[in-house]
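Subject: Structure handover

Hello,

Here is the structure I said I would pass on. Please open it beside this email and follow the notes below.

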Amino acid sequence: MVKKVAKKYISENKIPIKGNKNKVLNIPWWASILIIISACFILYYPVINYGLVECDDHEIIHRDYDRIKQIGNWHQEFFKSYMYNSYYRPLVTISFMLNAQMSKQEPVSYHVTNILIHTINSILVFYIFYLLGYRKLFPLIAGLIYSVHPLFTNAVAWIVGRNDLLLSLFFLSAFLFLILYSKKGNWYYLVLHFLTYLLALFSKETAITSVLIFASYILIIEKLKYNDKKTFVLATVWLIALAIWFIFHSMAELGNPVYKSGIDVFLFNLRVIPEFVAKFILPVHLSVLATYSLLNTFLGIILI
């Protein structure tokens, strides 16, 4: 009886209880970041000493070395194709130019750069969940899952996986600044959101679809109206970024197409969504290159 009265008095007067077990779960943000950095370093440290896998990476570092060693020509990459095909990813080539200055044709700096970018991406995941209102262990767990998930091993350990790492880096940054702008309304967050989204577009064409995620966030999570001023401003920013990318893309000298397009290809590739969900939640029998599996498609549909 006495315990019940005491608990009621404490709850009504909001008296803090010493030794509250929940305090154990409140890890400082800096400690969470150190844990994530440690996880990435421990897991991917062996990659630093890896060589080339002779799959596109040898073409960039050996065949195209005369191109990437000319760091003074970095601005010309915005008007060239990626690896002399129809891909347009100037920032990826520019990043290889920086590596060529550090270790020439030795793969060490290329691997280290991939690990560093993945580590930053993992920290961004942690911070995004923190900004979304999650506290205690949840943001840390999200960052750790991202840092050690086998689904991303290919992007980190394979030098040419840099395109996915850079896309993730700038997409996550753009999403982070979108959250800050939608919550605080400061104009500099809007500028940073615009710049990072533009950099994501110059990293990989897939960034075009990021607008769907941005729009879903502001309309569903932030519950902005279609006719809201912020919605109009953000839509304008996205259109400007896409227009700039399209203009540069149209002026670039692209090589031979390496992929097909059309409604039939689009419908076939919708399987990417359930396949990705299946591989993320049940990361077994993963392949080095993208492949389709009826089992993964079926599992993904069930999980969704």
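Contact here means that heavy atoms lie within 4.5 Å. With that cut-off, Ser210 is in contact with Phe171 and Tyr197, leaving aside its neighbours within four places in sequence. The place of Ser210 is in helix H11, and the residue is buried, with a relative accessible area of 5%. Buried stands for under 20% relative accessible area and exposed for over 50%. Please keep in mind that this is a predicted model.

The chain as a whole

The protein chain has 15 helices and zero strands. Its C-alpha atoms fill a box of roughly 80 × 50 × 45 Å, taken along the principal axes. Of the 304 residues in the chain, 40% are buried. The protein chain exposes about 18,100 Å², and carbon and sulfur atoms supply 69% of that area.

Two further values describe the chain. Among contacts between residues at least 6 apart in sequence, 70% join residues at least 24 apart.

Arg89 and Ser203

These two residues belong together in the notes. Arg89 lies in the loop between H4 and H5, while Ser203 lies in the loop between helix H10 (187-201) and H11. They are 114 residues apart along the chain, yet their C-alpha atoms are separated by 4.9 Å.

Is Arg89 buried or exposed? Its relative accessibility is 8%, which is under 20%, so Arg89 counts as buried. Ser203 counts as buried too, at 0% relative accessibility.

Not counting residues up to four places away in sequence, Arg89 touches Tyr82, Asn163, Phe202, Ser203, Lys204 and Glu205. On the same terms, Ser203 touches Arg89, Leu91, Val92, Asn163, Leu166, Leu167 and Phe170. Asn163 is therefore on the list for Arg89 and on the list for Ser203.

For a contrasting pair, take Ser203 and Leu43: they are 160 residues apart in sequence and 25 Å apart in space, C-alpha to C-alpha.

Ser32

Ser32 lies in helix H2 (residues 29-44). It is buried, with a relative accessible area of 3%. Which residues does Ser32 touch, not counting residues up to four places away in sequence? They are Ile27, Phe126 and Leu140. Ser32 and His58 are 26 residues apart in sequence, and their C-alpha atoms are 37 Å apart in space.

Helices H14 and H15

Two packed helices are described by the angle between their axes and the distance between the axes. Helix H14 (residues 272-281) and helix H15 (residues 294-303) pack at an angle of about 85 degrees, with their axes 7 Å apart. That makes H14 roughly perpendicular to H15, because angles of 65 to 115 degrees count as roughly perpendicular.

The residues that meet are as follows:

- From H14: Pro274, Glu275, Val277, Ala278, Lys279 and Ile281.
- From H15: Asn296, Thr297, Leu299, Gly300, Ile301 and Leu303.

Val288 lies in the loop between H14 and H15. Its relative accessible area is 61%, which is over 50%, so Val288 is exposed. The C-alpha atoms of Val288 and Tyr88 are separated by 22 Å, and the two residues are 200 apart along the chain.

Positive phi values

Where is Tyr84 placed? It is in the loop between helix H4 (65-68) and helix H5 (90-103). Phi of Tyr84 is near 60 degrees, a positive value in a residue other than glycine.

Lys223 also has phi near 60 degrees, and Lys223 is likewise a residue other than glycine. Lys223 lies in the loop between helix H11 (210-221) and helix H12 (229-251). With a relative accessible area of 63%, Lys223 is exposed.

To find these places in the model, start with the loop between H4 and H5, where Arg89 lies, and go from there to Ser203, in the loop between H10 and H11. Then turn to H14 and H15, which pack at about 85 degrees.

Regards

Methods
Residues numbered from 1 in each chain as written. Predicted model: local features only at pLDDT ≥ 70, side-chain atom pairs only at ≥ 80, totals over all residues. Heavy atoms only, no water. Helix = DSSP H or I, 4+ residues; strand = E, 2+ residues; numbered from the N terminus. Buried < 20%, exposed > 50% of the residue type's maximum accessible area, 1.4 Å probe, protein only. Areas by Shrake-Rupley, 256 points an atom, 1.4 Å probe, with all protein chains shown as cover. Axes fitted to C-alpha atoms, helices over the stretch in contact; angles between N-to-C directions. Parallel < 35°, antiparallel > 145°, perpendicular 65-115°, else oblique.
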